[in-house]
Amino acid sequence: MKLYFEQTNSLLYLIPALILAGLLVFITYRSKTQKEFYAKSQIRILASLRFVSFFLLIVLLLAPAIQWYQYHRIKPIIVFATDNSESLKNYTELSEGLINKAKEELGDFNVEYWTFGEKAKQSEKNNYSELRSDYSNLFQTVNSTYLPESVSSMVLVGDGIFNTGTDPTFTSQQFQYPVYTVGVGDSTSQVDAAILKVVTNQTTFLNDYFPVEINLSYQNLSGKDSKLSIWQGSEKVFERNLAAKGNDFFHQEFVRLKAEKSGIINYRIQLESFKDEKNTENNQYEFSIRVLDQKQKILLIGNGSHPDLASIIRVLEPQRNYSYKLFTSGESNLDLSDYDLVIAYQLPNNSNAKSLLLQEISQLKLPVLWIVGLKSSIPYLNKQQTGFTFDNNQQFELASAFVNPQFNVFQLDDFWPNQIETWPPLHVPFADIQLSGDWQTLLKQRIQTVNLERPLISLGSTDGVKNALIAGEGIWGWRMNDYLQNGSFDVFDGLMLKLINYLILKPNQDNFTVYFQPKNAEDQEVTFEAELLNASLEPVTDPDVSIHIISDSGTSYDYVFDKSVDHYDLNTGNLPVGSYSFEASAQLGTRSFKENGTFRIDKLQLEQADLQANFNLLYKIATNTGGQFVSYDHFSEIIQQIKRDSVSRENKIKQLIFKEFITLKWLALVIILLFSLEWFLRKFWGSY
């Protein structure tokens, strides 16, 4: 504890303060008048009271303050997380009992309650209705919410079944405190015939056959026969008898179905159930497929073979809704009007070959993906009225990519930017690039460690014609690097398909377009985006855009789109499982616009596919973090350890307290009391 004054030499004033206070008292009580009224003992008392009062007042004028340290004990947080997914809906009483027991036993501790399914959130209320289980999201959310030193332990109540996100045995290793896992559910193997997973195409074409892969599981049904059937509405389109060849039998069934109708076609897979099965919800599975009545054609033009062209062809080959032709020879009998998109590789070049083709492409206003390389003629390219121009510089350099965070033409998966920014550099023109029209840059150039504003991949439209630019040669290396990193080509192929899908999507002839997802899971919000163009092909948002949605059961929904700067948005939230049709309408001046479509909400069956609790996973999580796994009926065994963890991780905080005497109310009361007491005694003893 230390005493301070406002001025560093204030202590020197204390002696004069004492003298001044004494002098005032001396003048008052040494007079003959005072001696006539009071006895010597009374004068001493009155003089002492006045001396102390004056002295305290004078000291307060010197602005004294006191400083000391105060210590606080901060209780750490105990995180109590409960699985809120559908797989626990038969164990709600057990889960709620554990929560109530925690509140009772840990009432004196700092406990914060969480629930998790697809997403984790702070809440004490559970409804056990979430359609996905993502343990890794819980771990990541908790880690980003709390400082490690502020948490003593986590209690996790669940069945160990996860069907979304990464393996929690790995994500749990980031914890710096123990996780105590409490198993709820039935981990014993029961009689169960289940459809675990169905893999099929998103789209196919009319009269084509499409594959359906069905993963089946048979538990404790060795030697039993069952029937697998597929229905389209009330029509059975496939049936097969299957036999379980063991008590833990897995079977993959491959089926080829013919698409005989266009639009979104719904199918139901039915696996015959058995008498002793407790869970029959996983015996059927519904899916839908979009059947198109025509393919869109893509023309690739180049001046010879190149690995970049080969990499694009590898992207297009598996896509059943696209057909392509590679044109590298000198023939000129192409009918460009048959094509929906052109990919121009290093054209025009210095020989100006295929210049007539490029002129015809411009006249037909076909969308083009321009890829620039070492053989490109920058001056000729600048004359093509593509919406972009290079500074006239024929030199090339190496540049890698980084993602432009402001890009919003289409969505990138969360992990794509980190992957893309590790891909090898491309050969790019050493020149600035000017964009004209409605363009956005997806990837920008990075020279060594310097981020530039030069576009590497840009896309947009000029005078109503869509174009895209890849300003570099060597994208085949991107595809190879993607495979080396991930064991697949998913990131590169997905990026190229998003570019192609953007370019090939034709604008509505009446200037009104509605964009939507034809297939959604039941836990996904249904969203629409609409664009309305005036006669000059400029986006407008003055009129209202409304939409009428009707389900296959006859329920109708009416909405009005929200207006944005240059487009319209609508989020209907979650809709029930089923097929839907819609009609969107707008009125611009005297012209009326309508747009029709269909979409499907598919049932999400992840939680009911397998209800056997995975206590082994919970045990691994606990072991990884230094915690302990117990079943729900042994929860009391870990309560004492959780309490000890909380006490041992209590934080002591040292707090500096600084207090000025002038702010002390009690000191003012003391001074007033001293003056009041002196005045009272003077009156009481007969003076004025």
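Two strands count as paired if DSSP finds at least two bridges between them. Strands (E, at least two residues) and helices (H or I, at least four) are DSSP runs, numbered from the N terminus. On that basis, strands E27-E29-E33-E32 form, in this order, an open sheet of four with antiparallel pairing.

This is a predicted model: local features need pLDDT of at least 70, side-chain atom pairs count only at pLDDT 80 or more, and totals for chains, interfaces and linings use all residues. Residues are numbered from 1 along each chain as its sequence is written, and side-chain values use heavy atoms, with hydrogens and water left out.

**Four-stranded sheet**
- Strand E27 (512-516) and strand E32 (562-563) are the edge strands, and each pairs on one side only.
- E32 runs antiparallel to strand E33 (residues 568-573), and two bridges join the pair.
- Lys563 has Tyr568 of E33 as its bridge partner.

**Five-stranded sheet**
- A second open sheet has five strands in the order E9-E15-E14-E11-E12, with mixed pairing.
- Strand E9 (203-205) and strand E12 (235-243) are at the edges with a single partner strand each, so one side of each lacks a neighbour in the sheet.
- From one strand to the next, the twist averages 25°.
- Eight bridges link strand E14 (residues 263-271) to strand E15 (residues 284-292) in the antiparallel sense.
- Asn266 has Ser288 in E15 as its bridge partner.

**Helix packing**
- Helix H3 (residues 40-61) and helix H16 (residues 665-684) have axes that come within 9 Å and cross at roughly 150°.
- That angle makes H3 roughly antiparallel to H16 (the class for angles over 145 degrees; under 35 is roughly parallel, 65 to 115 roughly perpendicular, the rest oblique).
- Axes are lines fitted to C-alpha atoms, for helices over the stretch in contact, and angles run from 0 to 180 degrees between N-to-C directions.
- The crossing of H3 and H16 is left-handed (the near helix is turned anticlockwise from the far one by less than a right angle).
- Contact residues (heavy atoms within 4.5 Å) include Leu49, Phe54 and Leu57 of H3 and Ile671, Phe675 and Glu678 of H16.
- The residues of this contact split into 15 nonpolar, one polar and three charged.
- Nonpolar covers Ala, Val, Leu, Ile, Met, Phe, Trp, Tyr, Cys and Pro; charged covers Asp, Glu, Lys and Arg; the others, Gly among them, are polar.

**Salt bridges**
- The structure holds 16 salt bridges (a side-chain nitrogen of Lys or Arg within 4 Å of a carboxyl oxygen of Asp or Glu).
- One of them joins Arg600 to Glu286, with the closest N and O atoms 3.2 Å apart.
- Arg600 sits in strand E35 (residues 591-602) and Glu286 in strand E15, so the pair ties together parts 314 residues apart in sequence.
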